[in-house]
Structures are given as structure tokens and as C-alpha cells.
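My notebook is open again. I wanted to see which parts of the chain sit inside, and what they touch there.

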Amino acid sequence: MGSLDTNPAAAFSAFAADDKAPFQPLNPEDVRAYLHKAVDFISDYYTNIESMPVLPNVKPGYLQDELGASPPTYSAPFDVSMKELRTSVVPGMTHWASPNFFAFFPSTNSAAAIAGDLIASAMNTVGFTWQASPAATEMEVLALDWLAQLLRLPTTFMNRTSSGRGTGGGVILGTTSEAMLVTLVAARDAALRRNGSLGMSGLPRLTVYAADQTHSTFFKACRLAGFDPAHIRSIPTGPEKDYALDPAKLYEIMQADVDAGLVPTYICATVGTTSSNAVDPVGAVADVAAMFNAWVHVDAAYAGSACICPEFRHHLDGVERVDSISMSPHKWLLTCLDCTCLYVRDAHRLSDSLETNPEYLKNDATDSGEVTDLKDMQVGVGRRFRGLKLWMVMRTYGTAKLQEHIRSDVAMAKMFEDFVRADDRFEVVVPRNFALVCFRIKANGGMTEEDADEANRVLMDNLNKTGKAYLAHTVVGDRFVLRFAVGSSLQEERHVRSAWELIRKTTSEIMA
């Protein structure tokens, strides 16, 4: 399979055989048979994933070598595809769903989310306007408003309130990168209008701000939105504030920019940074921003999910004074990729920058002003039916079980943190806020910090080569640090304990 047949007679024979029946890609019996086999594969995958190496041992280009460099001309039974999936694709996968996966942040999933995504894919609706698929838009609006209530967001961020349609609203995007980009564009345009700029002539004066712990996608989004790289402020953080953004430093830098004739435009505050899980003080950042009329966006991609639990909600205190907030249920709220929820306090500020209104999309529902056309809150026009899987997760599991899921992960991370603190060869580098532990072999005896950095690199590499665990690293305060992120949907306490025993054993071996 995978190469063109050079035998004309065989090719004609195969063509004739294929041509006996009309092509029906959605033959109901095929749909039933193929999906039954796919569901069996998925169920078996989750049953066996714990025994698979988390990281694969393959080389670039391996899949082309196994499956062929050219597409097939003629059809093959679906079983052929499933066999090749098992024998060639699965062995090359990094298993993010493995209970032994502790790298990056979790990519959670659930039976309800998978079912919702499957049904949405089958319906294959393109809900760019309300009229294009009313239920798709209504479902997205409903799911977002339900989640807003779980997060106890102010009603100003909701699409609909008890008194009718709100001034704010939400949209489900693919990733945080998109959420940052669209809000940067809206903030850019608002600042240009506010300063009486003709077109984009005032763009070179606009400045944006974020802590140096902010995700790198923010700085990419700034460039895409047209901000001068020289006016993208990365504000240094340190251990004295647990690597969170310091409002006093922020004010000082913004005032200096104003004195230099620049226009503070946008601040990104993060709740749960990628490197260290630092939490920027949302309320204090909003207070500084208000002095300069700057847009405040809160990136709560990972830790926002924890804020459905009352004991973590204080991390969002002050959110009523920000302009937008995004969080990603595909990270920690059991909703498969892709699902980033963006909320804005004034939906018109977003749609004013992103709206498109070609003749072929005009319709009575849009003209009535009573509906939300979600195409006007994103970069593209076409969009997937993402709201269904998010609604199914909340409808199936309910608030109590979702909170139980978060609390269980945090408890396991706390257990791992206690293990680290009890072993004097290690140190916890930053306080644990949620379910991420940043730790390292510390410089002991005659070991320098550089020696410790190298020991931690070797430890991580040796751990990952075993296939029994996968950890990633970062650099905090110029130190090489290991990140242990609890949260895979299949993880149990025994997996955390096993990972710690593997870490202890491997550390003893490299330090012997």
C-alpha cells in the first residue's frame, strides 16, 4: 500500500472491481461498522496505554518509510487502515493520555468529551453564523455561560443573563494563542481610535506588557498583531514575588512609556504560568491598567479549571475589572482538544475589529441584532461544533465530580511535593500553587550550581529513556528545573508513587 501500481492490466482490473458499486462515503452500514471498530480501538488503547512506553523510539521520516511516500490509487478495506494504525502509528506516538505522562501540562479527556467530539465531527456543521446552525451557536453560548457560572465570573462576561442578553460574551477558540491574538487586535484598534489615529499611523507608539514568565505565545501574538517588538515589554520577575508580575514594576514601566510619548495598550496577566505556575495578582494589575486605560487580558489556560473549586477561586479576584479572560478546558477540565474559552466584558469591542459581513452571509437573524455570530469573535470564518463536547462534560459529570477531579490531582501533587521535601538531595524551587511541582537535585557538598544543572539534565534524560515516565524541564532563576505535572485523566496515586521511586532510584545511580 502507498505506491502506484505500474502494471496496467492489474490497474485496470482493480479499477473495474472498484467501479462495480457507486462510491458512498457515508453508507450507513459502513459508518456503523467503521465506528464500532474505531470505538473498540479507543477502548483497547485506554486499557493498554499504561504498559506502553510514554515516549516512542522512532526517527524522523519513519512513517513515510512504513506507509509509503505516495497515496494509494485504489480503495482498501477499512481493516487495512486500522491494522496500519496499530502497527505503524501507535508505536510512534507520545502517549499524552498515559498515566505515566508528567510533562508540560496535562491534556485531559473523558468518555463524555470523546462522545461529544465524535458526534460533532459526524454532524460536521460549519456554524459561522447563528442561522448557519442555530443549535451549534446556542450550544456554545450555553456551555460558555454554564462554565462562567462554575468560575463565578461576573455576569458582564456572560452571553445571556437572567435579565436578557448581556453586553459581554464568549467564544470557543482552538488555543490560548488565538485568544491572545484576537484580544490584542481589539485592544490595538481601541487604542488607535482613542488616540485619534488615522488608520494604523499610530501603531508604532503602542506598547504591551507581560511578565517574563508569560507564555511565549504572547510575544508571537504581539508580533502578528503588528506591535513593534521594541515596544513589547517583558517585565522581570523574581523569587521575592514567587515569579509573579510585580504591580509596582508594571506601573513604573508604563509611566516611563507615557513620559516617552508611547501609549500603553495591553497587559497580559497569567494565572498559572507554564514554567513555574506563578499567579499574577489580577486585581492589582487591573488597578494599574485603569490608570492608563489599557486592556487587561487574563491567561488562565491551565489553572483556570482549578478555579471551579471555591478554595482556588481567589486567584481570580479582581477579574470583574479586566477586559478579557481565557481558559482551556482541554488542559485540565476533561474536554479534549481543542477547546479554549475566551470571555470578553464588551463583546462589541471584539466584533468591531473582527467582523465580516459579505453579502452571501447576510440574513434576517443577524440583522435582528438578537443573535451572536461567532465568526465575528475569531480570526477565521469557519468553525467547529466545539460547544457540544464541553456541554456534554458538564452535563454528564456535574460540578461535584469535576471539582473532585481537580482536588484529586492537587492532592497527588501535594503528596509528590512532600516526597521531594523529605529527600535532602532535592529541593522544591517554587511554591506549588496547583498540581505542578518544580523541583531539582540541589547543589550539595562540593557540587556547584552548574554541576547540579548538569545532574538534573542527566536525570531527566535517563528517566525519559526508560519509557516508564515522561518529565519536561524549564529554567527558573537561571537554574535547570524539572517539572512534575500531575493531571492525566488516568493517573492514580500509585502512578505518582511509582514515578517518585523511579526518580529516587535513577538519582542514586547517577550520583553514585
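Predicted model: local features only at pLDDT ≥ 70, side-chain atom pairs only at ≥ 80, totals over all residues.

**G168.** I started with G168, which counts as buried at 7% relative accessibility (buried is under 20% relative accessible area, exposed over 50%, partly exposed in between, with a 1.4 Å probe and protein chains only). G168 is in the loop between β2 (164-165) and β3 (169-173); helices are DSSP runs of H or I with at least four residues, strands are runs of E with at least two, and both are numbered from the N terminus. Residues are numbered from 1 along each chain as its sequence is written, and side-chain values use heavy atoms, with hydrogens and water left out.

What does G168 touch, not counting residues up to four places away in sequence? I found T156, F157, M158, N159, V344, R345, D346 and A347, taking contact as heavy atoms within 4.5 Å. I also looked up G168 and R349: they are 181 residues apart along the chain, yet their C-alpha atoms are separated by 9.4 Å.

**α7 and α12.** R349 turned up again in α12, where R349, L350, S353 and L354 meet V182, T183, V185, A186, D189 and A190 of α7. I sorted the residues of this contact into six nonpolar, two polar and two charged. For that, Ala, Val, Leu, Ile, Met, Phe, Trp, Tyr, Cys and Pro count as nonpolar, Asp, Glu, Lys and Arg as charged, and the others, Gly among them, as polar. The axes of α7 (residues 176-194) and α12 (residues 347-354) come within 9 Å and cross at roughly 90°. That makes α7 roughly perpendicular to α12; the cut-offs are under 35 degrees for roughly parallel, over 145 for roughly antiparallel, 65 to 115 for roughly perpendicular, and oblique for the rest. The axes are lines fitted to C-alpha atoms, for helices over the stretch in contact, and angles run from 0 to 180 degrees between N-to-C directions.

**P106 and L334.** Next I checked two loop residues. P106 lies between α4 (78-89) and α5 (111-123) and is buried, with a relative accessible area of 6%. L334 lies between α11 (329-332) and β9 (340-344) and is buried too, at 11%. P106 and L334 are 228 residues apart in sequence and 9.7 Å apart in space, C-alpha to C-alpha. For L334 and N109, I got 225 residues in sequence and 4.2 Å in space, again C-alpha to C-alpha. Leaving aside neighbours within four places in sequence, the contacts of L334 include T108, N109, A113 and H405, while those of P106 include Y302, W332 and V486.

**α5.** A113 is also one of the buried residues of α5, along with A112, G116, D117 and A120. Seen down the axis of α5, these fall within an arc of 130°, so they line one face of the helix (the arc is that of the directions from the helix axis to the C-beta atoms). A111 and A122 are exposed on the other side of α5. I noted α14 (387-422) among what covers the buried residues of α5.

**α9.** Last, I looked at α9, where P247, L250, M254 and D257 are buried. The arc for α9 is 90°, so its buried residues line one face of the helix. They pack against β4 (206-211), β5 (232-235), β6 (263-270) and α10 (282-292). A248, E252 and D259 are exposed on the face turned away from the buried side of α9.
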